[in-house]
Amino acid sequence: MAFTITMLSWSVIEYRSFLERAGELVNVETAIRWGTDYLLKTTTKPNLIYAQVGNPNSEHQCWERPEDMDTPRNVYQVNTTHPGSDLGAEIAAAFAAASMVFKHSDYAYSKKLFQAGIQAFDFANTYKGSYSNALSSAVCPFYCSYSGYQDELLWGA
């Protein structure tokens, strides 16, 4: 989700005038805000990110609405002892890009995103490690990182 929010935000940054003329700017900003609001909820505490809800093994076998699922909804987190630099830095990039989108239309929200991005990046850069290593059985084989977390640290910086 964080990568999607970053890409949507960069689309607004690069093509704002086109989106305005097409009457789609409000829709894109609404989508970005929905995603960043969700990500803000996952990063409410320093040095902790709620990374995932649910077991991917059972959920990838389920084809019903989340509201109807009766499988366990475990919550997984990365923290100082189980780091997730790739996840933290990816979220930091999303917050940074989205903060630029809202800089002129909602400065308070922009500032909130910017500060949250700093916090997410500081965590990612201080407690280095891969999300898929920290949460291996809950993450792999679906969301494994094979290239490490250095590219996300660069992206988030």
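Over the ring of which residue does the charged end of Arg-33 sit? The ring is that of Tyr-109, with the charged end of Arg-33 4.1 Å from its centre. Arg-33 also lies over the face of Phe-102, at 4.7 Å from the ring centre. A charge counts as over a ring if NZ of Lys or CZ of Arg is within 6 Å of the ring centre and within 35 degrees of the ring normal.

The model is predicted: local features need pLDDT of at least 70, side-chain atom pairs count only at pLDDT 80 or more, and totals for chains, interfaces and linings use all residues. Residues are numbered from 1 along each chain as its sequence is written, and side-chain values use heavy atoms, with hydrogens and water left out.

Phe-102 is also one of the residues touched by Glu-29. Contact here means heavy atoms within 4.5 Å. Glu-29 lies in helix α2 (residues 25-42). Helices (H or I, at least four residues) and strands (E, at least two) are DSSP runs, numbered from the N terminus. Glu-29 is buried, at a relative accessible area of 14%. Buried means under 20% relative accessible area, exposed over 50%, and partly exposed in between (1.4 Å probe, protein chains only).

The structure holds 5 aromatic pairs. In one of them, the rings of Tyr-15 and Phe-18 have centres 6.1 Å apart and planes at 55°, so the pair is tilted. Both residues lie in helix α1 (residues 2-21), 3 residues apart, about one turn of the helix. Tyr-15 is partly exposed, with a relative accessible area of 48%. The rings of Phe-123 and Tyr-127 are also tilted, with centres 6.0 Å apart and planes at 40°. Phe-123 is buried, at 1% relative accessible area, whereas Tyr-127 is partly exposed at 28%. Rings of Phe, Tyr and Trp (its six-membered ring) pair if their centres lie within 6.5 Å; planes under 30 degrees apart count as stacked, over 60 as edge-to-face and the rest as tilted.

Gln-115 is found in helix α5 (residues 107-126). Its relative accessible area is 43%, so Gln-115 counts as partly exposed. Gln-115 and Thr-81 are 34 residues apart in sequence. Their C-alpha atoms lie 23 Å apart in space.

Val-75 is found in strand β2 (residues 75-79). Val-75 is exposed, at 51% relative accessibility.

Terms used
Lists of a residue's contacts leave out its neighbours within four places in sequence.
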